[in-house]
Amino acid sequence: MVATTWRPAIEPPDTARHTPTPRRVLISYAHDPDEPEHGEWVRRLWEFLRSCGVDARLDLPAAGRRQDWSLWMADEIRAADVILVIASPAYRERAEGRADPNVGHGVQWEARLIRDAFYRDQRALDRFVPVVLPGQTIEGVPDFLAPHTSTVYEVSDFTVPGAEPLLRLLTSQPDTIPSPLGPTPTLPPRPATTPTDRPARRPEPARYVHNEMTGDVNGGIIIQAGHIGSVGKDGSDR
């Protein structure tokens, strides 16, 4: 019988355990026939996010089959971890109820559902994210998302550097992480100061009168002159 040494089995690393679940992201935007390039930018954003591991959802694949769009939108909004609101003049106008009711029915209904979800939990700012794509400005963000007092994410191009702040948000990779707290230093108390601890006041030098007498004492004429002075350290006048 041959003796063997037992060794624990080496298991392959469980990569799934360390890989976060991709976040489900709904892209909400307005179709605008006057700006066909805007729709192309939205499509490129969708493809770019998916290439970066973000489970981005857009209405284009769903449009390939017959849909009840009101139910589709409601389901997608409920299931989304994050909703990207893509800024444009058309989206803002329809989201704020200023558009012709016969124009853009879909986005008007979608924006209403998003607005209602936002009002239910206005502290969940990371779930309702305004995004500005190339060719657009912050003025296309609906007022209910408070674009001038909260963060707006601008995408300059569809690369990691061009979309880094948005990617960091969607993938939970913050730019700055606080350093760990160190130990609290021990600071001994200082002794209380009492009147007897105060340094003694230095005495002022004694003052005297220096007189000079001139004249004839026998003759009865005396002239006295004097001045007040002080004594130096060596006893001399100063």
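User: Is Trp41 buried, exposed or partly exposed?
Analyst: In this predicted model, Trp41 is partly exposed, and its relative accessible area comes to 25%.

User: And which ring does Trp41 pair with, and how are the two planes set?
Analyst: Trp41 forms an aromatic pair with Phe158, with 5.7 Å from centre to centre and 35° between the planes, which makes the pair tilted. Trp41 belongs to helix H2 (residues 36-51), whereas Phe158 sits in the loop between E5 and helix H7 (164-170), so the pair ties together parts that are 117 residues apart in sequence. Phe158 itself counts as buried, at 12% relative accessibility.

User: What sort of pair do Phe118 and Phe128 make?
Analyst: That pair is edge-to-face, because the planes of Phe118 and Phe128 stand at 80°, with the ring centres 5.4 Å apart. Phe118 comes from helix H6 and Phe128 from strand E4, so here the parts tied together are ten residues apart in sequence.

User: How many aromatic pairs turn up in the whole structure?
Analyst: The search of the whole structure finds seven aromatic pairs.

User: Switching to the sheet, what is the strand order?
Analyst: The order is E2-E1-E3-E4-E5, an open sheet of five strands with parallel pairing. Strand E2 (55-57) and strand E5 (153-154) are the edge strands, each pairing on one side only.

User: How many bridges join E1 to E2?
Analyst: Three bridges join strand E1 (residues 24-28) to E2, and the two run parallel; across this pairing, Leu26 stands opposite Arg57 in E2.

User: Which helices pack on the sheet there?
Analyst: Helix H4 (residues 69-79) is one of them, touching E1, E2 and strand E3 (82-86), and its direction makes about 135° with that of E1. Helix H6 (residues 105-120) also packs on the sheet, where it touches E1, E3 and strand E4 (128-132), with its direction at about 130° to that of E1.

User: What does Ile27 touch?
Analyst: Leaving out residues up to four places away in sequence, Ile27 touches Val42, Leu45, Trp46, Leu49, Ala56, Arg57, Leu58, Leu84, Ile86 and Glu110.

Note on methods: Residues numbered from 1 in each chain as written. Predicted model: local features only at pLDDT ≥ 70, side-chain atom pairs only at ≥ 80, totals over all residues. Heavy atoms only, no water. Pairing = 2+ DSSP bridges. Helix = DSSP H or I, 4+ residues; strand = E, 2+ residues; numbered from the N terminus. Contact = heavy atoms within 4.5 Å. Axes fitted to C-alpha atoms, helices over the stretch in contact; angles between N-to-C directions. Phe/Tyr/Trp six-rings, centres within 6.5 Å; stacked < 30°, edge-to-face > 60°. Buried < 20%, exposed > 50% of the residue type's maximum accessible area, 1.4 Å probe, protein only.
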